[in-house]
Amino acid sequence: MDRGSKMNTLDAIRQRRATKQFDTQYVMTLEEKKALLNIALQGAPSAFNLQHWRPLLIEDRAQREKIREAAWGQAQVTDASMLVVLCGDLSSWESQVKNVWAEAAEPVQQFMIPAVDQYYRGKPQVQRDEVMRSSGIFAQTLMLAAKAQGYDSCPMDGFDFDAVGEIINKPAHYQIALMVAIGKAAGQPYPRIGKLPFDDVVKTDRF
């Protein structure tokens, strides 16, 4: 697909695949990368509108090489044109709640801000779970936006989280969720296999 052309949303969902081999000669511009991230920033939902995600775009080649070492040598870390280490802010429920609700009507603010505090305060597992959920939604939105514009992608959690955290100087209140590599695939994807039957997975009302 040429730059600038778009794909139907349902086609993007059907055609998106986890790509392991990327064309190392294909280069996305920084503007294209930021535009993709902005689509996800604007389009992905999050609980209480807290926008927990904190994507880190890795542009430095030496930084990519270090992360590849921490990812057990997986080639897509350095071969893809774009690499995002997707983190979440565990403290956004407290640090950002007034910012994200500032434009709401006063009665809405008076209801939402205490509700958010009650939901998260003193509940580190809830805070972490919410960050991971929001980051997963963000990552899928990003990958579908990429596919719609003719790019391929690979979500990754096969890496040493602590080592990558040190490489990127991760703040203590951030949680790494996953990485996403984006670019142009080198060759065709492997055949789609192993999909479980619909009736084995989807149930109605009760399990």
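Let's start with Ser46, which is found in the loop between helix 2 (30–43) and strand 1 (53–57). The model you are looking at is a predicted one. Ser46 has a relative accessibility of 17%, so this residue counts as buried, the cut-off being under 20%. Setting aside residues up to four places away in sequence, Ser46 touches Gln51, His52, Trp53 and Ser134.

His52 belongs to the loop between helix 2 and strand 1. With a relative accessible area of 2%, His52 is buried. Its side chain makes a polar contact of 3.0 Å with the side chain of Ser134. If you leave out neighbours within four places in sequence, the residues in contact with His52 include Ser46, Ala47, Cys87, Gly88 and Asp89. Ser92, Tyr120, Glu130, Val131 and Ser134 are also among the contacts of His52.

## The nonpolar cores

Which residues have the most contacts inside the largest nonpolar core? They are Leu36, Phe138, Leu142 and Ile182, in a core of 21 residues. Helix 2, strand 2 (82–89), helix 8 (124–148) and strand 4 (174–183) are the elements that give two or more residues to this core. Helix 8 gives the most, with 6 residues. As a general point, nonpolar side chains tend to be buried together in soluble globular proteins.

Apart from neighbours within four places in sequence, Leu36 is in contact with Met28, Met82, Leu142, Ala145, Ala146, Gln149, Tyr151 and Ile182. There is also a second, separate core of 19 residues, and Ile58, Ala80, Leu83 and Val85 are among its members.

## Helix 8

Helix 8 has 25 residues. From its first C-alpha to its last, helix 8 reaches 36 Å, close to the 36 Å expected at 1.5 Å a residue. After helix 8 comes Gly150, with a positive phi near 90°.

## Aromatic pairs

How many aromatic pairs are there? The count comes to 7. In one of them, the ring centres of Trp53 and Phe138 are 5.2 Å apart and the planes are at 40°, so the pair is tilted. Because Trp53 lies in strand 1 and Phe138 in helix 8, this pair ties together parts that are 85 residues apart in sequence. Are Trp53 and Phe138 buried or exposed? Both are buried.

Trp93 and Tyr120 form another pair: their ring centres are 6.3 Å apart and their planes are at 25°, so the pair is stacked. Trp93 lies in helix 5 (residues 92–95) and Tyr120 in helix 7 (residues 106–120), so the parts tied together by the pair are 27 residues apart in sequence. Trp93 is buried, with a relative accessible area of 8%. Tyr120 is buried too, with a relative accessible area of 1%. Together with Phe48 and Tyr119, Trp93 and Tyr120 form one aromatic cluster.

Technical notes:
Residues are numbered from 1 along each chain as its sequence is written. This is a predicted model: local features need pLDDT of at least 70, side-chain atom pairs count only at pLDDT 80 or more; totals for chains, interfaces and linings use all residues. Side-chain values use heavy atoms; hydrogens and water are left out. Helices (H or I, at least four residues) and strands (E, at least two) are DSSP runs, numbered from the N terminus. Buried means under 20% relative accessible area, exposed over 50%, partly exposed in between (1.4 Å probe, protein chains only). Contact means heavy atoms within 4.5 Å. A polar contact is a pair of N or O atoms within 3.5 Å; within protein, one must be able to donate a hydrogen and the other to accept it, and residues adjacent in sequence count only if both atoms are side-chain atoms. A nonpolar core is a set of buried Ala, Val, Leu, Ile, Met, Phe, Trp, Tyr and Cys residues joined through side-chain atoms within 4.5 Å. The expected span of a helix is 1.5 Å times one less than its number of residues. Rings of Phe, Tyr and Trp (its six-membered ring) pair if their centres lie within 6.5 Å; planes under 30 degrees apart count as stacked, over 60 as edge-to-face and the rest as tilted.
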